Amino acid sequence: MAAPSYLLTNGPRDALVPFSSRLKEGRALAEDVWSIYNVANLPADCINLGQGYMNFLPPKWVTEAASKALLGVTENHYSHPKGRMRLRQALKSMYSPLFNRDLDVESEILVTSGANEGQYSVFTAFLEQGDEVIMFEPFFDQYLPSITFNGGTPVYVPLHPPKADVKKPTSNQWTIDLAELRAAITPRTKMIIVNTPHNPVGKVFSRQELEGIAALAEEFNLLVMSDEVYETLTFDGEEHVRIATLPGMWDRTVTVGSAGKQFAATGWRVGWLIGPASIIRPTLAATTRIVFCTNSPLQEAAAAGIEEAEKRGYYAQQRAEYTERRKILTDVFDALGLTYSLPLGSYFILVDIRKVQFPDDFPFPPSVLGRARDFRVAWFIATEIGVSSIPVSEFYCEEHASIGEAFIRFSFCKDHETLHRAAERLQQKLEKYIVQ
Ligand SMILES: Cc1ncc(COP(=O)(O)O)c(C=O)c1O
């Protein structure tokens with residue numbers, strides 16, 4: 001028998017079978033910002049304010065529920081693909097008043113493996129090849145490959161930063177231009193993603209803005225994916241408005257939530273979708289064939305968390321704690337004379353870095369050199385000052401990257417001690433590189 005032709009070639013054996021061209025889309029193969037600014041690439045004592053995960057434990061009563069769940073037989077096995085009944089019931093109790101309707105645990109609530117997988121499954125369920133999905137920039141980077149892997153085409157509409165003469169901007173001064181949004185809609189547009197409170201801007205969309213988006217969704221018959229994973233993190237009395245509660249919007253909106261954000265447990269991978277049966281049923285079909293079900297014990301723990309949270313005043317306390325964390329950073333940026341957008345939601349601060357001047361001969365690695373200026377500033381601050389952040393141009397398409405390159409993002413989902421140490425370093429070492 002003749003040898004198979006691939007064995008006859010003398011080429012390298014590390015790529016015998018080509019991988020799918022799908023990975024060339026959605027920046028899936030590009031060295032992503034998380035790898036470049038990974039702690040492994042940075043000095044060992046660099047303080048990580050880059051990635052948006054907490055360096056503290058979930059509440060004790062939630063981790064105790066997780067430990068307990070591991071001792072039960074059914075909790076160690078497959079759950080129903082819709083999610084465990086206890087969690088669906090807890091979500092029903094929490095969200096029915098927030099959506100002004102008696103949510104049906106069978107057809108209007110779906111537990112997913114983190115918000116990410118829930119969003120992926122919605123794309124799988126709804127996108128035809130070439131369907132367009134509109135997202136506001138800067139955008140949560142995971143949307144992009146989730147859309148393209150499912151045959152969709154991303155379309156970008158930028159949020160506009162506060163005007164340069166605004167001395168103390170808030171995140172809500174990042175604005176949408178409804179005319180631009182309208183112009184982005186084509187006969188192929190299927191969906192709009194709204195993210196409020198927003199990562200990375202911290203913007204909490206106003207009722208008026210959401211009404212404007214809703215009117216266009218209605219006019220052009222679009223599905224709205226409302227990513228509200230930071231829903232419990234709004235500050236200074238800012239109201240979180242749910243687009244699904246606006247007139248007529250329930251029927252075309254799927255709302256996305258995450259236990260990871262609510263309970264400081266991003267590694268649990270428990271999230272959920274809430275929406276009409278017409279959206280949840282097809283998405284259930286997709287999610288069942290992607291993951292079958294979400295891990296069982298941590299669904300129980302998330303259920304315990306939600307059941308107890310209001311009774312314990314947990315969300316109010318969490319908001320107060322995050323407000324304090326935010327202040328540790330904003331105090332130092334004030335002292336340094338750096339402009340930032342005061343975030344009214346989520347746990348990120350965008351700092352304007354146009355005044356930061358790094359030395360011309362600073363040794364940047366190639367992964368940073370080919371990118372927009374914010375990549376260099378973030379690298380310089382991480383390696384020279386010892387505090388990591390994330391360059392914001394990463395959250396824009398190439399065409400609009402120049403809007404993002406004026407900002408870097410710091411996460412304040414860290415304990416007080418870490419934030420104080422970071423503030424101290426910034427205060428002591430960054431000042432001399434700021435040109436007022
Ligand atoms: C806006 C936004 N949506 C979704 C997610 C993903 O949430 P999860 O960890 O539940 O998948 C994140 C996580 O950072 C996020 O920032």
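**View A. Strand 2, covered on both faces.** Strand 2 (residues 109-112) has Ile109 and Val111 on one side and Leu110 and Thr112 on the other, all buried (20 or more other C-beta atoms, placed from the backbone, within 10 Å of the residue's own). Strands here are DSSP runs of E, at least two residues; helices are runs of H or I, at least four; both are numbered from the N terminus. This is a predicted model: local features need pLDDT of at least 70, side-chain atom pairs count only at pLDDT 80 or more, and totals for chains, interfaces and linings use all residues. Residues are numbered from 1 along each chain as its sequence is written.

**View B. Strand 2 against strand 8.** Strand 2 and strand 8 (residues 271-274) run antiparallel, joined by four bridges. Leucine 110 has leucine 273 as its bridge partner.

View C. Seven strands follow the order 2-8-7-6-5-3-4, with mixed pairing (strands pair if DSSP finds at least two bridges between them). Strand 2 and strand 4 (153-158) stand at the edges with a single partner strand each, so one side of each lacks a neighbour in the sheet.

**View D. Strand 6 beside strand 7.** Four bridges pair strand 6 (residues 223-227) with strand 7 (residues 253-258) in the parallel sense. Methionine 225 stands opposite valine 254.

**View E. Helix 12 with helix 16.** The axes of helix 12 (residues 314-336) and helix 16 (residues 416-430) come within 9 Å and cross at roughly 5°. Axes are lines fitted to C-alpha atoms, for helices over the stretch in contact; angles run from 0 to 180 degrees between N-to-C directions. The two helices are therefore roughly parallel (angles under 35 degrees).

Terms used. Parallel < 35°, antiparallel > 145°, perpendicular 65-115°, else oblique. Buried ≥ 20, exposed ≤ 12 C-beta atoms within 10 Å, placed from the backbone.
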